[in-house]
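User: I'm new to this one. Can you walk me through it?

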Amino acid sequence: MRTNNRRRLGAVTLAAALAAPLGVAATTSTATAAPYCGIYWGSLAKTSSSMSGAAVTGVRSGRHTCYDRIVFDLGRGKGKVGYNVRYVNTVTGPGSGLPVPVSGGARIQITVNAPATKRIPANGTINYSGWQTFRQLKWVASFEGYTDFGLGVRARLPMRAFVLSGPDGGQRLVVDVAHRW
């Protein structure tokens, strides 16, 4: 009995010594780290159910201090462009459900609620060598008024999606993916 008490006392003394080294009192902190670059986007799906009669006409990408950006250009047309931007285990083709391989530690399926009259980019793939977050963009298909792309990124990171009006009367779907949490 006496041996068990000594062991318990020794364990309590050791725990106290580890929790408060050099005589510093142990404290608990409720402070949280500030978000990276003030980003509160999260990684859940971003959606808008609107439909556009305008066609997807191009894609371009840019690197920013806190995130990588991809912009899908649409021509003039009725309605506001909608979208479904979400992390997926596997990018799949609409209709067929067949997997589309995309490079990266995580994959984002981007569905633009608008048709495309041609493959974008023309060769079907953009590789982002040396980019902080983006790895690869792949054309998937345009099917029944929806156009799909697969975006490979370094990891599952915060993202956002929104629509801007273009100077030519068209619209732009913007997808940003943060460099880190």
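What follows is a short chat about this predicted model.

User: Let's start with salt bridges. How many does a search of the whole structure find?
Analyst: Three.

User: Which residue forms a salt bridge with Arg60?
Analyst: Asp73 does. The closest N and O atoms are 2.9 Å apart. Arg60 lies in strand β2 and Asp73 in strand β3, so the pair ties together parts that are 13 residues apart in sequence.

User: Is Asp73 buried or exposed?
Analyst: Buried, with a relative accessible area of 18%. Arg60 is partly exposed, at 39%.

User: And which residues are linked in a network of salt bridges?
Analyst: Arg69, Arg160 and Asp176. Arg69 meets Asp176 at 2.6 Å, N to O. Arg69 lies in β3 and Asp176 in β12, so this pair ties together parts that are 107 residues apart in sequence. Arg160 also bridges to Asp176, with the closest N and O atoms 2.7 Å apart. Arg160 sits in β11, so that pair ties together parts 16 residues apart in sequence.

User: Why does Asp176 count as buried?
Analyst: Because its relative accessibility is 0%, and buried means under 20%. Arg69 is buried as well. Arg160, at 25%, counts as partly exposed.

User: How do β11 and β12 run?
Analyst: Antiparallel, joined by seven bridges. Phe162 stands opposite Val174 in β12. The hairpin has five residues between the strands, and Gly169 takes a positive phi near 95° there.

User: New topic. How many residues are in the largest nonpolar core?
Analyst: It has 32. Phe72, Ile110, Val112 and Val177 have the most contacts inside it. Strands that each supply at least two residues include β2, β3 and β4. The largest share, four residues, comes from β7.

User: What does Val177 touch?
Analyst: Leaving out residues up to four places away in sequence, its contacts include Trp41, Tyr67, Ile108, Phe134 and Leu151.

User: What about the backbone? Which residues does a cis peptide bond join?
Analyst: Ile120 and Pro121, with omega about -10°. Pro121 is in the loop between β7 and β8. Most peptide bonds are trans.

User: Which loop is Cys37 in?
Analyst: The one between α1 and β1. Cys37 has a positive phi of about 55° although it is not a glycine. Cys37 counts as partly exposed, at 42% relative accessibility.

User: And where is Glu144?
Analyst: In the loop between β9 and β10. Glu144 is exposed, with a relative accessible area of 66%.

How values were computed
Residues are numbered from 1 along each chain as its sequence is written. This is a predicted model: local features need pLDDT of at least 70, side-chain atom pairs count only at pLDDT 80 or more; totals for chains, interfaces and linings use all residues. Side-chain values use heavy atoms; hydrogens and water are left out. Buried means under 20% relative accessible area, exposed over 50%, partly exposed in between (1.4 Å probe, protein chains only). Two strands pair if DSSP finds at least two bridges between them. A nonpolar core is a set of buried Ala, Val, Leu, Ile, Met, Phe, Trp, Tyr and Cys residues joined through side-chain atoms within 4.5 Å. Contact means heavy atoms within 4.5 Å. A salt bridge is a side-chain nitrogen of Lys or Arg within 4 Å of a carboxyl oxygen of Asp or Glu.
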